[in-house]
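Work through the following exercises with the sequence and the coordinates at hand. Each task is followed by a solution that goes step by step.

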Amino acid sequence: MRPITISPALVAASRAALTTQGVDWSSLLVEEAGGHSYKSASGQVQPLETILADSGVNTVRQRLWYTDGDYGLDYNLELARRAKAAGLNVYLDIFYSPTWTDGAHQETPSDWTNYGIDDLAYAVYNYTKQTMAAFESADVLPTQVAIGNEIRAGLLWPLGDMSSSDGPYNVARILHSAAYGVKDSSPATQVLVHLDNGWDYDAILAQGPLASADFEVQDVSYYPFYSSSATLAALQSSLTRIKLRYNKGIQVVETDWPTYCPSPSYAFPSETTSIPISPAGQSTWMQDLANIVEGIGGDGLFYWEPAWIDNAALESSCGYNLMVTDDGSAMISLAVFAEI
């Protein structure tokens with residue numbers, strides 16, 4: 001297959017003074033196994049991590065599934081070794097699931113399904129601690145660990161379902177155990193809680209098991225193509241409220257902008273209509289988000305899977321959201337991170 005070029009939008013995002021400038025690169029090994037390679041904007045074939053680091057990225061996010069094979073522990077250790085060799089920090093996103101999780105899906109591993117909350121919390125603690133030990137043995141400890149992915153509705157259903165009567169307490173138990181699986185292994189690693197849609201922390205902090213001191217950073221996802229009400233003003237308001245209420249670090253850890261979107265399923269927010277559907281538009285989008293995150297005292301911004309060639313729509317109704325061309329070349333938008 002032809003090598004793939006990286007986009008300049010990824011480089012433009014760095015103009016704001018954000019501590020963490022990142023991308024999710026979880027599918028890199030899958031893409032390479034499928035025959036894909038990448039090249040810089042100048043046309044030179046290089047490892048993706050080299051292109052990212054040269055573009056201003058300082059952190060890579062990678063998802064860990066409770067499974068063997070793709071997205072499992074060994075897969076993630078290989079990614080982390082490559083990141084460290086390129087001088088990149090690692091953000092480990094522990095799903096506590098054998099597959100995708102989000103606000104509508106939070107699958108419990110089959111060997112945990114018969115547990116009560118005490119045994120489940122203990123299993124989560126041990127699994128988290130063992131995971132951290134594996135990264136420490138490989139000398140690639142993450143700088144950040146998210147305990148669950150997009151857990152607005154909880155995690156590890158049905159016990160951790162926020163809509164059930166015991167759900168908020170159970171979620172607090174699980175998150176407390178997960179947090180200390182990280183802290184007892186690597187006190188310097190930041191613990192992150194990732195919500196996808198403004199989840200109310202009060203519901204679990206009021207339960208007792210989870211304390212504010214158990215985590216350092218609050219993460220959110222923010223996509224423009226799922227609702228016309230997902231405005232930049234709404235994002236700024238939500239992040240401001242979260243920052244003032246909890247006084248934690250703030251990161252937008254998932255976002256995309258398309259370069260091709262002829263028939264979106266939903267109208268884009270009205271304030272984004274002046275942003276072109278193009279690599280230049282990706283740069284504008286990332287810079288606008290960086291300015292908002294920096295403006296509310298936030299810390300980081302991540303683009304979700306900018307190089308996943310075999311999934312160019314990135315689960316949206318827009319046909320192309322990558323920051324690489326279909327021949328693997330970096331587009332101009334990748335340069336956004338050098339300017340944030």
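**Exercise 1.** State what share of the 340 residues in the protein is buried.

*Solution.* Buried residues, meaning those under 20% relative accessible area with a 1.4 Å probe and protein chains only as cover, make up 59% of the 340 residues. The model is a predicted one, in which local features need pLDDT of at least 70 and side-chain atom pairs count only at pLDDT 80 or more, while totals for chains, interfaces and linings use all residues. Residues are numbered from 1 along each chain as its sequence is written, and side-chain values use heavy atoms, with hydrogens and water left out.

**Exercise 2.** Decide whether the radius of gyration agrees with that of a compact globule.

*Solution.* The rule for a globule is 2.2 Å times the number of residues to the power 0.38, with the radius taken over C-alpha atoms. The C-alpha trace spans about 55 × 45 × 35 Å along its principal axes.

**Exercise 3.** Characterise the ring pair of Trp65 and Trp100, and say which parts of the chain the pair ties together.

*Solution.* Rings of Phe, Tyr and Trp (its six-membered ring) pair if their centres lie within 6.5 Å, and planes under 30 degrees apart count as stacked, over 60 as edge-to-face and the rest as tilted. A search of the whole structure finds 21 aromatic pairs. In one of these, the centres of Trp65 and Trp100 are 5.3 Å apart and the planes stand at 75°, so the pair is edge-to-face. Because Trp65 lies in the loop between β5 (59–64) and α4 (73–85), and Trp100 in the loop between β6 (89–94) and α5 (117–137), the pair ties together parts that are 35 residues apart in sequence; helices (H or I, at least four residues) and strands (E, at least two) are DSSP runs numbered from the N terminus.

Next, consider accessibility: Trp65 is buried at 10%, whereas Trp100, at 34%, counts as partly exposed, a class that lies between the buried limit and the exposed one of over 50%. Finally, both belong to one aromatic cluster, which also includes Tyr71 and Phe95.

**Exercise 4.** Identify the ring over which the charged end of Arg63 sits.

*Solution.* The criterion asks for NZ of Lys or CZ of Arg within 6 Å of the ring centre and within 35 degrees of the ring normal. The charged end of Arg63 sits over the ring of Tyr71, 4.4 Å from its centre.
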